[in-house]
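Student: I would like to go through the terms used for this structure and see what stands behind each of them.
Tutor: Then put the questions one at a time.

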Amino acid sequence: MTTFEQIQEIIVDQLDKEESEVQLETNFRDELEADSLDLFQIINDIEDEFDIKIESEEGLNTVKDLVDYVEKQVEAQ
Amino acid sequence: MKTFGVTIQSTGRYVPDNEVYNETLTQWMDTSDEWIRKRTGIRKRHLSIGEDTSDLCIRASQDALSKQDIDVSQIGLIIVATMTPDSLSPSVASKVQSAINARNAVAFDLSAACSGFIYGLSAAEKMLRHMAYPYALVIGGEVMSKTLDWNDRSTSVLFGDGAGALVIKKRPDADAFIAEDLHTDGEKGEALVSGEQAVKSPVCAADEKSGFLTMDGRAIFNFVTKSIPKSISHVLASGETEPNEVDFYLLHQANARIIEIVAKKLYLSKNKFPMNIENYGNTSAASLPILLDEMVENGKVVLGSGQKIVLSAFGGGLTWGTLLIKV
């Protein structure tokens, strides 16, 4: 699975959405109605899945933001 | 040496009459009923008009004592778990002792934020076994409204005022306390701060502190969702109890969403996780005894029936703890 696909699966699961609703350009808060607690859960699951630490959810607004952040962290390790 | 068991004899509660719905808060700050409900499950909370923590604790104690017609001269111990005492001296427990005329009781407050009731109950049952008198009174009471920054919508909408009380009794033939799992992690203490006092005196310039409650929501969320399922599992294992043998999981009523997440992580139905946060908000150390008293009042928990109950709380410190009891 690609990083995007793994993240997509986590978001689909947490927010109970369809895969088609969760694309790279999708904005969590505006399009998926995710609130801060939803984001905390998603971030926790991503941290566990990729064994990384996400310091802050600031600047993480779209799925692509998450994918880029995760890939950068994983590469740095 | 004869060893004694300790059982739960009675429960009680008291909350201020004044109910404040989410709509009212919108008059004081930029928030909405929908926002608060969705994130927390809270619909209203009780806010004290003039009653301090000792007043609530005294009323809750009287409620618990009256239900079982307990002789107050036989109470040997009073512990009040609170993070919002009237004063640091005299303690709230001293005031309760005086008000209910429990002349033989040793009384003190216990400070462990939202975990206070669990810590207090754990301490009380151990002390009571070795004390001369048969009863102990364990109270969780808060006037959180005193410590909140009412200009900070991220915290002030979450909390409420109230008190709950438990009377426990030492006896030779039964024991309610099966297993426990208590923890503290002071390294993360800055995640939830309240009541800071400045160091100042003629030898030291004022270092001003607001004293307001502040909270790192994300850090608390992570802490609870990671630590509590583990703590509950641990207590069940050491209590040699299967998850489905537990009748109810009573969690500290901090946030409905977080409680649902804990239930999900334990693969348990949320029906086993009763909640009353919609009516009270987060009453810190009072939340568990208030919930337990309501469960007894509505017949879902029957004292003396042998039902197994998990009590679990978490909060500032950071502190957390779980008890497995048989009522």
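Student: What makes E11(B) and strand E12 (residues 308-315) of chain B a pair?
Tutor: Two strands pair if DSSP finds at least two bridges between them; E11(B) and E12(B) have four bridges, in the parallel sense, and B:Leu250 stands opposite B:Leu311 in E12(B). Strands (E, at least two residues) and helices (H or I, at least four) are DSSP runs, numbered from the N terminus. This is a predicted model, in which local features need pLDDT of at least 70 and side-chain atom pairs count only at pLDDT 80 or more, while totals for chains, interfaces and linings use all residues. Residues are numbered from 1 along each chain as its sequence is written, and chains are lettered from A and ligands numbered from 1 in the order in which they are written.

Student: Why do strand E8 (177-184) and strand E11 (248-251) of chain B stand at the edges?
Tutor: The open sheet has the order E8-E13-E12-E11 (chain B), with mixed pairing. E8(B) and E11(B) each have a single partner strand, so one side of each lacks a neighbour in the sheet.

Student: How do you know which residues of H8(B) are buried?
Tutor: A residue is buried if 20 or more other C-beta atoms, placed from the backbone, lie within 10 Å of its own, exposed if 12 or fewer, and partly exposed in between. In H8(B), B:Ile258, B:Ile259, B:Ile261 and B:Val262 are buried.

Student: Why are the buried residues of H8(B) said to line one face?
Tutor: The arc is that of the directions from the helix axis to the C-beta atoms. The buried residues of H8(B) fall within an arc of 160°, so they line one face of the helix. They pack against helix H3 (36-50) of chain A together with H7 and E11 of chain B.

Student: What describes the packing of H7(B) and H8(B)?
Tutor: Their angle is about 35° and their axes are 9 Å apart. Axes are lines fitted to C-alpha atoms, for helices over the stretch in contact, and angles run from 0 to 180 degrees between N-to-C directions.

Student: What makes residues of these two helices count as meeting?
Tutor: Two residues are in contact if their C-beta atoms, placed from the backbone, lie within 7 Å. Among those that meet are B:Phe221 and B:Ile228 in H7(B), and B:Ile258 and B:Lys265 in H8(B).

Student: How many residues does each chain give to the contact between chains?
Tutor: Chain B gives nine residues and chain A six residues. The largest share of the chain B side, five residues, comes from H7(B).
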